Amino acid sequence: MVGGFRVPALSVDEAGPERGTAVWEDDYILLALLSHGLVEMKRRLEGLGEPRHLLSRAERRDTGLPGAWQEAVTRLWWRFFWAGLEPPRNDYAVLELCRLPLGQWPLRMALSSADVEVSLLDGEEPSEFAEEAVRGAWGDPEAHIAEQRVHQALLLVAEANAREGRDAWRIYVRMRRLVIERPVISDVEVRALQQELPAGPTAGEPYVMDFVRTAYERRPAENGVTLTVCARCGVPLPQARGSRNKSCGTPNCETSPKILHLPTLGFYWVLHRGARRFVHDPGVFELRVCEKVRALGLEPELWLGTDQPDALDVSFRVPRGKRSELWGTDEKDWASPVLLARSFRWPIEPECDRRFLVVPEHRAQVPGYLTDLRTELAGRTDPARPFKVVTEKQLLTEIRRALARQGGGSCAR
Ligand SMILES: [Zn+2]
C-alpha cells in the first residue's frame, strides 16, 4: 500500500499502468481517481448550465472527458484484467459501475466494511463518498477555495468591526453560525447586518457585504418570497416534481418540508454550493455537539483558533480538582472511515489537555466503521497530540464521568 494519499504516483499526468504494481494495491486510490473524474464532469456540466447526463453532454462538447476519468478508466481496465475479469467495455460501462454499491462490483476490492454499501454516484450526483475521496486525495481545490474564501471574508468582517480583543472572535462565531443556521436570508436582514457591522473601506459597502456575497447567491424577489425549506437544517428543498420524499442533502438530516415566508424589498440570498457543502453541512454537526455539551452545564466555545479555517470545532473546560482541563473536540461526519482517517489532522491550536475526534452515532452504527477508522488512524497521528475516537454519546459519557468524579456539574474556569 502506498503511504498516505498525497503521493506523486497520483499525478494524473505522469501516472500510467506501466508505473509498477505499488499503485494498484490500494483500491482507494483507484476509487479516488474515478471520483475525481465524476466530480470534474459534474462541475463542467454545471459550468455549462446543463445539469443532465454526465457522459453524454461532457462527451458531446469538444472539451473531452476529464483527465482523471480517462486515467481511472485505464487503471480500472488493468485492475479487472489482472483479476482475471472481463474489463468494462467503455466509459458508459464504467459509469454504470459507479452506480453500483462498491461491494457489488465484480471486482473484489480491499475496502472497509463500512464502504461496501456506498456507490460513487447517487443518481446523477457524485456521492458523499466520491466527494470525500476527492477531498482526501487532492485536498479538493474547490472545497478548499470555498472554505478559504468564506473564512477570509469572515475574518475581515470580524477584525474590522471589533472594538476590543474578544470582539473579533465573537463576531466571527456569530457570522459563521449564520451560515449554518440561516441558509436563506432576506435583503431586509442583510441590511440590518450592514447597520450592525458597518466597518468597511472609506468608499464603498461594508465588509459584511463581501462576506454575504462570498457565502450566498442573490435572487430577485419583490414583495417577499415563499419557499419550501427543510424544517431541520433550513436548506431550500428542490422543487418537488412527482417524488415526495426529497432529501435536503445535508448528511443524516431527517428532512421534513416547511414553508418559509420571507419579507423582502427586492432580493433574498441563498447559500451557494461551496459554502453549503463545506461550511454549513459540517457546521450542523458541530453546533449539535456544542449544544449537547452546554446542556451538561459546561460552557463550550466554537472554533477557537479562528485564524485557521480548520479551527478546533468545539472546546470546553472540564473541572478537575481545583483547576480545570481544556478538552478539545473535532467533529467529523464522513461516510468513509478510511478516507476520513487519511485526511485527518488534529488542529494545531490551541493546546488541549484532552482531545477527541467525534463521529456521529449514525456513522458509528455502520458495522466496521469505528474499527476501520481507528485502524487507519494508527500510525498516522502525531504522538505529541494523542486523541481518542468517540461517538457523540461516548463524548457526553466521558464528560458526565468527569463531572461525577468532581462531585457535581459546576463549571470551573
Ligand atoms: Zn435538512
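Predicted model: local features only at pLDDT ≥ 70, side-chain atom pairs only at ≥ 80, totals over all residues.
Across the chain the mean pLDDT is 84, and 84% of the residues reach 70 or more.

**Where to be careful**
- Residues 1-24 stay under 50 in pLDDT, though the model still has 29 contacts beyond four places in sequence for this stretch.
- Residues 409-413 also stay under 50, with 14 contacts beyond four places in sequence in the model.

**The three-stranded sheet**
- Three strands line up as S3-S7-S4 in an open sheet, and their pairing is antiparallel.
- The edges are S3 (184-186) and S4 (216-220), each of which pairs on one side only.
- On average, neighbouring strands of this sheet are turned by 25° against each other, if you ignore direction.
- Strands of a sheet pair through backbone hydrogen bonds, in either a parallel or an antiparallel way.

**S4 against S7**
- S7 covers residues 267-271 and pairs with S4 over five bridges, in the antiparallel sense.
- Which residue of S7 is the bridge partner of Arg218? That's Trp269.

**The helix on the sheet**
- Helix H8 (residues 187-196) packs on the sheet, where it touches S3 and S7.
- The direction of H8 makes about 75° with that of S3.

Definitions and conventions. Residues numbered from 1 in each chain as written. Pairing = 2+ DSSP bridges. Helix = DSSP H or I, 4+ residues; strand = E, 2+ residues; numbered from the N terminus. Axes fitted to C-alpha atoms, helices over the stretch in contact; angles between N-to-C directions. Contact = placed C-beta atoms within 7 Å. pLDDT = per-residue confidence, 0-100.
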